[in-house]
Every structure is written in structure tokens, then in C-alpha cells.
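I opened this notebook to record what I looked up in the model. The entries follow in the order in which I made them.

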Amino acid sequence: MCEKQDERIRARRYIRIVDEKQWELIDEISQEEKYRSSFNLIINDALFYGLPMLHEKLFGKVTIEEQTSVGQSTQGEGDSEFYMQVVRLLKEIVLNEAICKSILSSLFNAQNYVYQGRTIAQQQFEEGAYSNTPDYLESFELKGLKELRGNKK
């Protein structure tokens, strides 16, 4: 009986939070769907993430059982796999952007021909012959690429 009473006391402890900044953080966190109805969950998660850091500060060592989710990786072997997937997805994004740019440029250039009273060849249109970047965008694009690479000339 005494053991059971100790467990109940250990599970139920009261804390007093007097720092207003901590209350602001708690209030902001409590707006998230996961935490809306459970102050205990906020405090338990805060302890889960913060207690190991306090322990490390005091004793110089820490062991955390990481709960990784999609988009997170643990240090070590998972890093290379994670970054390879990020690179693959970035390449896919670049490819999709190039396709969109080609299609939009083709449509722009074809419409420009129509406005000039000229006709466009259907076969050439289908083969992408009109997919060049419009002249007015070339300098804008080059300037943007230079800035991204650090050459702001």
C-alpha cells in the first residue's frame, strides 16, 4: 500500500510558473491543435525536450531517445540518406520549373507571333521551337541568378 501511495505522489506534483515569458510561450503552444486541451501534455513535452539539456548542463552527459518524424533525421548514417533525398527532391523541383518555364515561354512566344499577324507552325510549336525565354525576361533572369550566386554586379 505504501508503494502505491508513493507512485501516486510521484506522478502528481505541483509546479508554480512565475516567469511571464514562459507563460507567453505556453499560451502560444496551447493554440496548437495537439495541445489545446492538455496543459499536462505541454509540460510533459517541455520536460521531454528540456530536461535532458538541463541534465547535460549539470552533469555533462545526456541520452535522449529521439522521436523523429517525417523530414527529421538522426545524426550519423541517416544524414546522408536524408540529404540525398533532399537533393533528389530539389532536382525534381528544378526540372518541374524548367518544364513550366518552357511551356509558358512557348505560349507567350506563340501568342506574340499571333499579335504580329504571323502564323506559327504547329509541328514546330509541338517540338518546342518557340520555348525560348522572352527577351524582356532574359536580363531579369540573369541578374537574379547572379545575385543568388553572390555576384551582385
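**Entries on the model**

I located Glu24 in helix α2 (residues 20-29); helices are DSSP runs of H or I with at least four residues, strands are runs of E with at least two, and both are numbered from the N terminus. The model is predicted, with local features needing pLDDT of at least 70 and side-chain atom pairs counting only at pLDDT 80 or more, while totals for chains, interfaces and linings use all residues. Residues are numbered from 1 along each chain as its sequence is written, and side-chain values use heavy atoms, with hydrogens and water left out.

I then looked up the charge around Glu24: Asp19, Glu20, Glu24 and Asp27 form a negative surface patch. Such a patch takes residues with over 30% relative accessible area and no salt bridge, like charges being joined within 9 Å. A salt bridge here is a side-chain nitrogen of Lys or Arg within 4 Å of a carboxyl oxygen of Asp or Glu. The place of a charge is CG for Asp and CD for Glu.

I recorded an accessible surface of about 14400 Å², with 54% belonging to carbon and sulfur atoms, by the Shrake-Rupley method with a 1.4 Å probe. Buried residues are 9% of the 153, buried meaning under 20% relative accessible area.

Why does Ser105 count as buried? I found that Ser105 counts as buried because its relative accessibility is 5%. Ser105 lies in helix α4 (residues 77-115). Beyond its neighbours within four places in sequence, Ser105 contacts Tyr130, Ser131, Asn132, Thr133 and Pro134, a contact being heavy atoms within 4.5 Å.

Note on methods. Buried means under 20% relative accessible area, exposed over 50%, partly exposed in between (1.4 Å probe, protein chains only). Patches are made of residues with over 30% relative accessible area and no salt bridge: like charges are joined within 9 Å, nonpolar side chains (Val, Leu, Ile, Met, Phe, Trp, Tyr) within 5 Å. Lys and Arg count as positive and Asp and Glu as negative; His and the chain ends are not counted.
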